[in-house]
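The sequence and structure are shown first.

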Amino acid sequence: YYPDECRENLGLEELQNKVTIHNKTVICTGCTTGSGALYKAFVDHNNTFIAPSDYIEGKSDLLFVVNMFYHLSNSISLEDAYRLASKIDSETALYKIYFK
């Protein structure tokens with residue numbers, strides 16, 4: 001660990017005053033990171049936050065992200081790319097999208 005590195009689960013309280021990015025898309029692949037209030041730390045800065053709402057298999061994480069970027073590279077909107085990638089199966093359907 002780095003001296004200031006968090007050694008516990010991260011939540012809204014830990015990130016609320018530390019997020020400095022604006023107008024970006026944040027994809028968090030950690031299990032259950034889309035189920036709590038963590039998204040608020042990013043959405044409050046006009047970011048889009050995409051994360052799984054439950055425990056997800058690692059291969060489905062990769063499948064979702066690669067599929068979403070594939071659609072984005074074909075000039076599909078972020079919302080449509082998310083929708084297509086999350087429709088693959090019950091695991092990729094765990095991904096939720098949050099934005100202002």
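In this predicted model, the lining of the largest pocket is made up of Asn9, Leu10, Gly11, Leu12, Cys31, Thr32, Thr33, Ser35, Gly36, Ala37 and Leu38. The volume of this largest pocket is about 170 Å³. Sorted by class, its lining holds five nonpolar and six polar residues, and no charged residues. Leu10, Leu12, Cys31, Ala37 and Leu38 are in the lining, and each of them counts as nonpolar because Leu, Cys and Ala belong to that class. Gly11 and Gly36 are also lining residues; they fall under polar because the class rule places Gly there.

Backbone angles come next. Most residues other than glycine have a negative phi. Asn46 is not a glycine, yet its phi is positive, at about 65 degrees. Asn46 sits in the loop that runs between helix 2 (38-43) and strand 2 (48-52). With a relative accessibility of 43%, Asn46 is classed as partly exposed, because that class lies between the 20% and 50% limits.

Ser75, also not a glycine, has a positive phi of about 60 degrees. Its position is in the loop between helix 3 (58-73) and helix 4 (78-86). Ser75 has a relative accessible area of 70% and is therefore exposed, the cut-off for that class being over 50%.

The salt bridges remain. How many salt bridges does the rule give? The count is two, and both are set out below.

| Salt bridge | Distance, N to O | Relative accessible area |
|---|---|---|
| Glu57 and Lys59 | 3.7 Å | Glu57 42%; Lys59 64% |
| Arg83 and Asp80 | 3.5 Å | Arg83 36%; Asp80 32% |

In the pair formed by the side chains of Glu57 and Lys59, Glu57 is partly exposed at 42%, whereas Lys59 is exposed at 64%. Lys59 gets that label because its 64% is over the 50% cut-off.

The other salt bridge joins the side chains of Arg83 and Asp80. Where do Arg83 and Asp80 lie? Both are in helix 4, three residues apart, which is about one turn of the helix. Arg83, at 36%, is partly exposed, and Asp80, at 32%, is partly exposed as well. Neither residue counts as buried, because that word is kept for values under 20%.

Notes. Residues are numbered from 1 along each chain as its sequence is written. This is a predicted model: local features need pLDDT of at least 70, side-chain atom pairs count only at pLDDT 80 or more; totals for chains, interfaces and linings use all residues. Side-chain values use heavy atoms; hydrogens and water are left out. On a 1 Å grid over the protein atoms alone, a cavity is a set of points where a 1.4 Å probe fits but cannot get out, and a pocket is an open set with protein on both sides within 12 Å along at least five of seven lines; lining residues have an atom within 4 Å of a point. Grid points are joined across faces, edges and corners, and a volume is the space filled by probe spheres set on the points. Helices (H or I, at least four residues) and strands (E, at least two) are DSSP runs, numbered from the N terminus. Buried means under 20% relative accessible area, exposed over 50%, partly exposed in between (1.4 Å probe, protein chains only). A salt bridge is a side-chain nitrogen of Lys or Arg within 4 Å of a carboxyl oxygen of Asp or Glu.
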